[in-house]
Amino acid sequence: MRTIVTLSIALVLSLAANIVAVYLIGSTTAASAAKVEQARQAGAIAALKGRVDQVNRVALDADRDGRQLQAELRTVDAEATRRLQSYQAFIADLPPLPQGCGPGKARVDAINRLTGATP
């Protein structure tokens, strides 16, 4: 009888220890899951911040490139206007061409200066 009581007490203590262990594992698992979720959210936030920084750099580069391209376009436009005015002034001083006549060396040279071509 003493053996049965001792074994019963040992069984109850073992069950109690198992219940406590399951409770501790459950709370540890919940805490671990919360930590994993918090780390996942922190990683997502860091990734989004990285993307925002990247987009910001691209936007700043695009703005700088756009201003540089506009400046270059103004330079090209000014040069084209200068060449066209020079060509028009030169052609205005030439006599009209007779019917069926080619443009002549002077007009061809003026067109070459206009287009920047080198014969």
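Here is a short tour of the model, stop by stop.

Before you click anything: this is a predicted model, where local features need pLDDT of at least 70, side-chain atom pairs count only at pLDDT 80 or more, and totals for chains, interfaces and linings use all residues. Numbering runs from 1 along each chain as its sequence is written, and side-chain values use heavy atoms, with hydrogens and water left out.

**Whole protein.** Start zoomed out. You have 2 helices and 0 strands (DSSP runs numbered from the N terminus: H or I of at least four residues for helices, E of at least two for strands). The radius of gyration is 44 Å, well over the 14 Å that the globule rule gives for 119 residues, so the protein is more spread out than a compact globule. That radius is taken over C-alpha atoms, and the rule is 2.2 Å times the number of residues to the power 0.38. Along the principal axes, the C-alpha trace spans about 140 × 25 × 20 Å.

Now colour by burial. Buried residues are 3% of the 119 (buried is under 20% relative accessible area, exposed over 50%, partly exposed in between, with a 1.4 Å probe and protein chains only).

**Helix H1.** Select residues 2–93, which form H1, and pick out Ser32 inside it. Ser32 is partly exposed, at 38% relative accessible area. Draw a distance from its C-alpha to that of Leu13, 19 residues away along the chain, and you get 28 Å.

Next, go to Gln41, also in H1. Gln41 counts as partly exposed at 45% relative accessibility.

**Helix H2.** Jump to residues 104–115. H2 has 12 residues and reaches 17 Å from first C-alpha to last, close to the 16 Å expected at 1.5 Å a residue; the expected span is 1.5 Å times one less than the number of residues.

Which residues of H2 are buried? Select Arg107, Ala110 and Asn112. Stay on Arg107: this H2 residue is buried, with a relative accessible area of 16%. Show what is around Arg107 and you'll find contacts to Phe90, Ile91, Leu94, Pro95, Pro96 and Leu97, leaving aside residues up to four places away in sequence (contact means heavy atoms within 4.5 Å).

**Last stop.** Step off the end of H2 to Gly116, which follows the helix and has a positive phi, near 80 degrees.
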